[in-house]
Amino acid sequence: MQNLQELLSKPVWQMTGEEFIMLSRHASVQTEAQPQSVTDTNRKYVYGIPGIARLFGCSLPTANRIKKSGKIDKAITQIGRKIIVDAELALELAGKKTGGRK
């Protein structure tokens, strides 16, 4: 067998099937050994008052009232006129009962 460095520098179209399989097995072992970085790529964001309206399934005036109520402030990031809302956190915050009638 050839060593790994020679195999890595060899173009794929020049490899035999055995060499290619050996290289792919080595690559799969390497990816399993490396720890996965923890990133939050699954976060879903909605943008603006129309995004809030779609998220809660309400009208634009109602979405504006929800934003102004302060209930979902922890989920909102506002830079100038741009409004970015973390959808999961907003739904979670809106579902919590705080104050109101008894």
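1. β2 and β3 pair in the antiparallel sense over four bridges; two strands count as paired if DSSP finds at least two bridges between them. Helices (H or I, at least four residues) and strands (E, at least two) are DSSP runs, numbered from the N terminus. Ile 79 stands opposite Lys 82 in β3. Two residues lie between the strands of this hairpin, where Gly 80 takes a positive phi near 65°.

2. On the model itself: it is predicted, local features need pLDDT of at least 70, side-chain atom pairs count only at pLDDT 80 or more, and totals for chains, interfaces and linings use all residues. Residues are numbered from 1 along each chain as its sequence is written, and side-chain values use heavy atoms, with hydrogens and water left out.

3. The open sheet has three strands in the order β1-β3-β2, with antiparallel pairing. β1 (45–47) and β2 (76–79) are the edge strands, and each has a single partner, so one side of each has no neighbour in the sheet. From one strand to the next, the twist averages 20°. Here and below, axes are lines fitted to C-alpha atoms, for helices over the stretch in contact, and angles run from 0 to 180 degrees between N-to-C directions.

4. The pairing of β1 with β3 is antiparallel and spans three bridges. In it, Tyr 45 stands opposite Asp 86, and Val 46 is opposite Val 85. Four of the five residues of β3 are buried, so this strand is largely enclosed by the rest of the structure. Buried means under 20% relative accessible area, exposed over 50%, and partly exposed in between (1.4 Å probe, protein chains only).

5. α3 lies across β1 and β3 and runs at about 130° to β1. Its buried residues are Gly 48, Ile 49, Gly 51, Ile 52, Ala 53 and Leu 55. They pack against β1, α4, β3 and α5, where contact means heavy atoms within 4.5 Å.

6. α3 and helix α4 (residues 60–69) pack at an angle of about 100°, with their axes 8 Å apart. The two helices are therefore roughly perpendicular to each other. On this scale, angles under 35 degrees count as roughly parallel, over 145 as roughly antiparallel, 65 to 115 as roughly perpendicular, and the rest as oblique. From α3, Ile 49, Pro 50, Ile 52, Ala 53 and Phe 56 meet Leu 60, Ala 63, Asn 64, Ile 66 and Lys 67 of α4.

7. The largest nonpolar core has 14 residues, of which Ile 52, Ile 72, Val 85 and Ala 90 touch the most other members. At least two core residues come from each of α3 (48–56), β3 (82–86) and α5 (87–95); α3 gives the largest share, four residues. Such a core is a set of buried Ala, Val, Leu, Ile, Met, Phe, Trp, Tyr and Cys residues joined through side-chain atoms within 4.5 Å. Not counting residues up to four places away in sequence, Ala 90 touches Leu 55, Phe 56, Ile 72, Ala 75 and Val 85.

8. Glu 19 belongs to helix α2 (residues 17–33). This residue is buried, with a relative accessible area of 11%. Its side chain makes a polar contact with the side chain of Lys 10 (3.0 Å). A polar contact is a pair of N or O atoms within 3.5 Å; within protein, one must be able to donate a hydrogen and the other to accept it, and residues adjacent in sequence count only if both atoms are side-chain atoms.
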